[in-house]
Amino acid sequence: MPLMAIPNWTRTLSEVLNHETQSRTLVSEKNGNEYTTDVIPTLNVLSIGSIEKVDNKFKYSIVDIKNDLQYSIKAPNKLDVEFGTILQFKNVRGGATPNGVGWYSAESVAVVQRNV
């Protein structure tokens, strides 16, 4: 009897955040090992004005108006943000957590200047 596929209920990053992803090889900060994962190369979202320092990184509370989502992304650099600041995160990755909320991290974050 041939092997049958087992249903997988784990959603991909692109399914969770509704953005296209690309496969990238990264190096783990914890152990230095290389691994391959899906990332969103560039993600523009709005800050809700909240930032918190966590584990020597900064956690930005954001909203993705296009996809009607609200979540937080950690990045290594700190920016001055206020409600409505447009932020651009680079190489966003993430995954599931036991509570079902998920975690998200980015290589960097920058403020997008509005065209006036």
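This is a predicted model: local features need pLDDT of at least 70, side-chain atom pairs count only at pLDDT 80 or more; totals for chains, interfaces and linings use all residues.

Trainee: What share of the residues is buried?

Mentor: Of the 116 residues in the chain, 30% are buried. The chain exposes about 8,300 Å², and carbon and sulfur atoms supply 50% of that area.

Trainee: Switching to rings. How many aromatic pairs turn up in the whole structure?

Mentor: The search finds two. One is Tyr-60 with Phe-89, with ring centres 5.9 Å apart and planes at 70°.

Trainee: Why is that pair called edge-to-face?

Mentor: Because the planes are at 70°, and an angle over 60 degrees counts as edge-to-face.

Trainee: Are Tyr-60 and Phe-89 buried or exposed?

Mentor: Tyr-60 is buried, at 0% relative accessibility. Phe-89 is buried too, also with 0%.

Trainee: And which residues make the other pair?

Mentor: Tyr-71 and Tyr-104, with 4.9 Å centre to centre and 55° between the planes, which makes the pair tilted. Tyr-71 belongs to strand E4 (residues 69–75) and Tyr-104 to strand E6 (residues 103–105), so this pair ties together parts that are 33 residues apart in sequence. Both Tyr-71 and Tyr-104 are buried.

Trainee: I also clicked on Val-109. Which strand is it in?

Mentor: Strand E7, residues 108–111. Val-109 has a relative accessible area of 5%, so it counts as buried.

Trainee: What does Val-109 touch, leaving out residues up to four places away in sequence?

Mentor: Its contacts include both members of the edge-to-face pair, Tyr-60 and Phe-89. Val-109 also touches Ala-75, Asn-77, Leu-79, Leu-87 and Gln-88. Its C-alpha lies 6.4 Å from that of Lys-90, which is 19 residues away in sequence.

Trainee: Now pockets. What volume does the largest one have?

Mentor: About 480 Å³. There are 17 lining residues, and Glu-29, Lys-30, Lys-57, Arg-93 and Ser-105 lie nearest the centre.

Trainee: Which elements give two or more residues to that lining?

Mentor: Strand E1 (22–27), strand E2 (34–54) and E6. E6 gives the most, with three residues.

Trainee: How does the lining of the largest pocket divide by class?

Mentor: It has eight nonpolar, two polar and seven charged residues.

Trainee: And the second largest pocket?

Mentor: That one has a volume of about 270 Å³. It is lined by 13 residues, and Thr-10, Arg-11, Val-16, Gly-95 and Ala-96 are the closest to its centre. Helix H1 (13–17) and E5 are the elements that give two or more residues to this lining. By class, the lining has five nonpolar residues, seven polar and one charged.

Technical notes: Residues are numbered from 1 along each chain as its sequence is written. Side-chain values use heavy atoms; hydrogens and water are left out. Rings of Phe, Tyr and Trp (its six-membered ring) pair if their centres lie within 6.5 Å; planes under 30 degrees apart count as stacked, over 60 as edge-to-face and the rest as tilted. Buried means under 20% relative accessible area, exposed over 50%, partly exposed in between (1.4 Å probe, protein chains only). Helices (H or I, at least four residues) and strands (E, at least two) are DSSP runs, numbered from the N terminus. On a 1 Å grid over the protein atoms alone, a cavity is a set of points where a 1.4 Å probe fits but cannot get out, and a pocket is an open set with protein on both sides within 12 Å along at least five of seven lines; lining residues have an atom within 4 Å of a point. Grid points are joined across faces, edges and corners, and a volume is the space filled by probe spheres set on the points. Ala, Val, Leu, Ile, Met, Phe, Trp, Tyr, Cys and Pro count as nonpolar, Asp, Glu, Lys and Arg as charged, and the others, Gly among them, as polar. Accessible areas come from the Shrake-Rupley method with a 1.4 Å probe; for residues, only the protein chains shown count as cover. Contact means heavy atoms within 4.5 Å.
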